Amino acid sequence: MDNEAGHGDMAGMDNEAGHGDMAGMDHEAGHDHEHTALTEWPADVPLPEVAVSAEPHDDGSLSIHIDLNGFEFADPTEHEATAPRGHVHVNVDGREVGMYFEPDIELADVGPGDHTVSVTLAAADHSLWARDGEPLGASTEVTIAGEVTPADDVIEVAVGPDGAAGGIVEAQVGLGDTVEVRIDSSVAEEFHLHTYDVSAELEPGQVTTVRFTADIPGVFEAELEGAGIQVLELTVS
Ligand SMILES: [Cu+2]
């Protein structure tokens, strides 16, 4: 029964309240470059071990299993950050898909292609458990078989230490479009698209691709988190 209650909450979040919550979080944090609060894991509690595996299915879904040692799932009604308790936040291709209170998760409609699944350990107050400022978590790569449908819009951004080559890239996409952003970076950085909360680690000399559905209308900024430089202005209408 606990498990079912968990799923219901998550589904509701993903479909309705999810986006509002994320936007709210940005505002609460108050710092432009610190969109997720961290809580240091107490030094006197053994550091938890976390591993994640993902099994692909032909219908485009993923079965995620999270292996945890030294970490307990808290009840969704708990609100105080207490080690070693909490829940997990799950990201697929840099975008948060939900928070979960159990180790086995079914993700529908992920779709064909290469995907990165990452989980972070969250405290009951939804801050991320961290050690020395680094969130605790794990990630894995998985490929779902099938033909990858091309994105409706492809946006290319070349970035370096001073931001985007030639200035902030301005792009306009339709509401509901699938959008692919290809970031060609000469530096190690983190790309972050605000409100959509799409993020990706950039490696020097590599093109990193993020993909999402443009389901929130408005004008959104993407930036290099480390340098705090805006590189993309995305208009969704
Ligand atoms: Cu949470």
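In which loop is aspartate 197 found? Aspartate 197 sits in the loop between S16 and S17. The model is a predicted one, in which local features need pLDDT of at least 70, side-chain atom pairs count only at pLDDT 80 or more, and totals for chains, interfaces and linings use all residues. Residues are numbered from 1 along each chain as its sequence is written, and side-chain values use heavy atoms, with hydrogens and water left out.

The protein has 1 helix and 20 strands; helices (H or I, at least four residues) and strands (E, at least two) are DSSP runs, numbered from the N terminus. Of its 237 residues, 43% are buried. Buried means under 20% relative accessible area, exposed means over 50%, and partly exposed lies in between (1.4 Å probe, protein chains only). The accessible surface of the protein is about 12,100 Å², and carbon and sulfur atoms account for 48% of that; such areas come from the Shrake-Rupley method with a 1.4 Å probe, and for residues only the protein chains shown count as cover. Contact means heavy atoms within 4.5 Å. Among contacts between residues at least 6 apart in sequence, 65% join residues at least 24 apart.

Most residues other than glycine have a negative phi, and most peptide bonds are trans. Aspartate 197 has a positive phi, near 55 degrees, and counts as buried at 15% relative accessibility. Threonine 195, in the loop between S16 and S17, also is not a glycine and has a positive phi of about 65 degrees; threonine 195 is partly exposed, with a relative accessible area of 21%. Elsewhere, a cis peptide bond with omega of about 5 degrees joins alanine 83 and proline 84. Proline 84 is placed in the loop between S4 and strand S5 (85-92).

S16 and S17 also contribute to the largest nonpolar core. A nonpolar core is a set of buried Ala, Val, Leu, Ile, Met, Phe, Trp, Tyr and Cys residues joined through side-chain atoms within 4.5 Å. Among the 27 residues of this core, Ile155, Val181, Phe191, Leu193, Tyr196 and Leu232 touch the most other members. Elements giving two or more residues to this core include strand S12 (153-160), strand S16 (189-193), strand S17 (198-202) and strand S20 (229-236). S20 gives the most, with 4 residues. Leucine 193 touches Val198, Phe212, Phe220, Glu221, Ala222 and Leu234, when residues up to four places away in sequence are not counted. Apart from this core lies another, of 26 residues, among them Ala54, Leu62, Tyr100 and Val119.

The structure holds 5 aromatic pairs. Rings of Phe, Tyr and Trp (its six-membered ring) pair if their centres lie within 6.5 Å; planes under 30 degrees apart count as stacked, over 60 as edge-to-face and the rest as tilted. Tryptophan 41 and phenylalanine 71 form a tilted pair, with 6.4 Å centre to centre and 35 degrees between the planes. This pair links distant parts of the chain, 30 residues apart: tryptophan 41 is in the loop between strand S1 (38-40) and strand S2 (49-56), and phenylalanine 71 in the loop between strand S3 (62-69) and strand S4 (72-73). Tryptophan 41 is buried at 2% relative accessible area, and phenylalanine 71 is buried at 8%. The ring centres of tryptophan 41 and tryptophan 129 are 4.9 Å apart and their planes are at 75 degrees, so this pair is edge-to-face. Because tryptophan 129 lies in strand S9 (residues 128-131) and tryptophan 41 in the loop between S1 and S2, the pair ties together parts that are 88 residues apart in sequence. One aromatic cluster is formed by Trp41, Phe71, Phe73 and Trp129.

Serine 127 is in the loop between strand S8 (113-122) and S9 and is buried, with a relative accessible area of 5%. The side chains of serine 127 and threonine 39 are joined by a polar contact of 2.5 Å. A polar contact is a pair of N or O atoms within 3.5 Å; within protein, one must be able to donate a hydrogen and the other to accept it, and residues adjacent in sequence count only if both atoms are side-chain atoms.

The copper ion is coordinated by His87 (NE2), His89 (NE2) and His126 (ND1), at 2.1 to 2.2 Å. Donors are N, O and S atoms within 2.8 Å of the metal (3.2 Å for Na, K and Ca); water is not among the atoms, so sites may look incomplete. Along the chain, the donors follow the spacing H-x1-H-x36-H. Histidine 87 is buried at 1% relative accessibility, and histidine 89 is buried at 4%.
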